[in-house]
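Here is a short briefing to read with the model open beside you. Take a look at the fold, then walk through the points below.

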Amino acid sequence: MIVFCEDCGGKNSLPTAKIENRRIVFQCSSCAYRNNYALESSDKSILNQIRINLKQISSRPDVIGGFVYHRNKEVLIDFMSDLLTRDDLIFLGKKLLENISICQEQYRDIEQMVLFISNRHTVVRALDTNRIIVVICQTIKAVQSIFMPLDSLITNCSMHKRKERG
Amino acid sequence: MVTLQDILQIRDIQGVDEYILVNHKGQVMAHDIEQPEQVAKMVLVCAQNSWAIAKTRLKYTIFSRKSKKDILIFPVGNFNLGVVKHQTMNDMIFASKVIQFLNNLLNKKID
């Protein structure tokens, strides 16, 4: 089983036998952090994984921050620091989700939307029909640097979902 | 003064596969695209939402696709220009070509 370190986000391969009483206990092979956390429901677990990945992406140079927006539950994860209020994020999330949704209705193979705005380039990926991940960058170089980490994040989520389905 | 025909020279830019020009009410002014009415609706909603977020600071929006035939939407005065690029073209190079084309029209007013 692949598990991720809560501290550094590193990938660790863990024998199933080490999971007891619905808790995962292991020492991270990358940073040696001693992890001890409960196995969560599928959705919580995926969200936790996204949180770890998004935190890393948000700490990259010239990346202002990121958040996850849900159509009904609104802001699920927020790494935008104090730059934007919760109301700002809800406003942004709603508009961006509407944009990518309407475009996906017309073109089913849409993978990503980027709004090129002066010093606030906004990258949007759909996690599913109700959730988007949003990352805001100061430079175009920063935008290009987050494509691969976002690809990995989306792939990890899809793999996780497939595993859960069995 | 810039005419509609000037803007429609967009089709001569290398890498333009399809295009649509939509006014602020969502009416199709010109196009060479499949399902223009549906695409016009999409372009209008995207443009309105993007305007609500960024106002005049928005340069353009790119929708990336698996097919690589990405869609770019540019605000052009009271209009919005949607362009589907050829799959072999690089996004950034293509966008700068279109922006350069649009900038060349800047000194004139759109009819």
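Two strands count as paired if DSSP finds at least two bridges between them. Helices (H or I, at least four residues) and strands (E, at least two) are DSSP runs, numbered from the N terminus. This is a predicted model, in which local features need pLDDT of at least 70 and side-chain atom pairs count only at pLDDT 80 or more, while totals for chains, interfaces and linings use all residues. Residues are numbered from 1 along each chain as its sequence is written, and chains are lettered from A and ligands numbered from 1 in the order in which they are written.

- An open sheet of 10 strands, with antiparallel pairing, runs in the order 7(A)-6(A)-10(A)-9(A)-8(A)-3(B)-4(B)-5(B)-1(B)-2(B).
- At the edges stand strand 7 (74–78) of chain A and strand 2 of chain B, each with a single partner strand, so one side of each has no neighbour in the sheet.

**Where the chains meet**
- Strand 8 (residues 110–117) of chain A and strand 3 of chain B run antiparallel and are joined by seven bridges; Met113(A) stands opposite Phe63(B) there.
- In all, 22 residues of chain B are in contact with 18 residues of chain A (contact: C-beta atoms, placed from the backbone, within 7 Å).
- Helix 2 of chain B gives the largest share of chain B's side, 10 residues.
- That side has 12 nonpolar, six polar and four charged residues, where Ala, Val, Leu, Ile, Met, Phe, Trp, Tyr, Cys and Pro count as nonpolar, Asp, Glu, Lys and Arg as charged, and the others, Gly among them, as polar.

**Strand pairs within chain B**
- Strand 1 (residues 16–23) pairs antiparallel with strand 5 (residues 79–85) of chain B over seven bridges, and Tyr19(B) has Val83(B) as its bridge partner.
- Strand 1 of chain B is also joined by four bridges to strand 2 (residues 28–32), again antiparallel, with Ile20(B) partnered by His31(B).
- Strands 1 and 2 of chain B form a hairpin with four residues between them, and Gly26(B) in the turn has a positive phi of about 90°.

**Helix 2 of chain B**
- Helix 2 of chain B lies across strand 8 of chain A and strands 1, 2, 3, 4 (71–76) and 5 of chain B, at about 70° to strand 1 of chain B.
- Gln48(B) lies in this helix (residues 36–54).

Methods. Two residues are in contact if their C-beta atoms, placed from the backbone, lie within 7 Å. Axes are lines fitted to C-alpha atoms, for helices over the stretch in contact, and angles run from 0 to 180 degrees between N-to-C directions.
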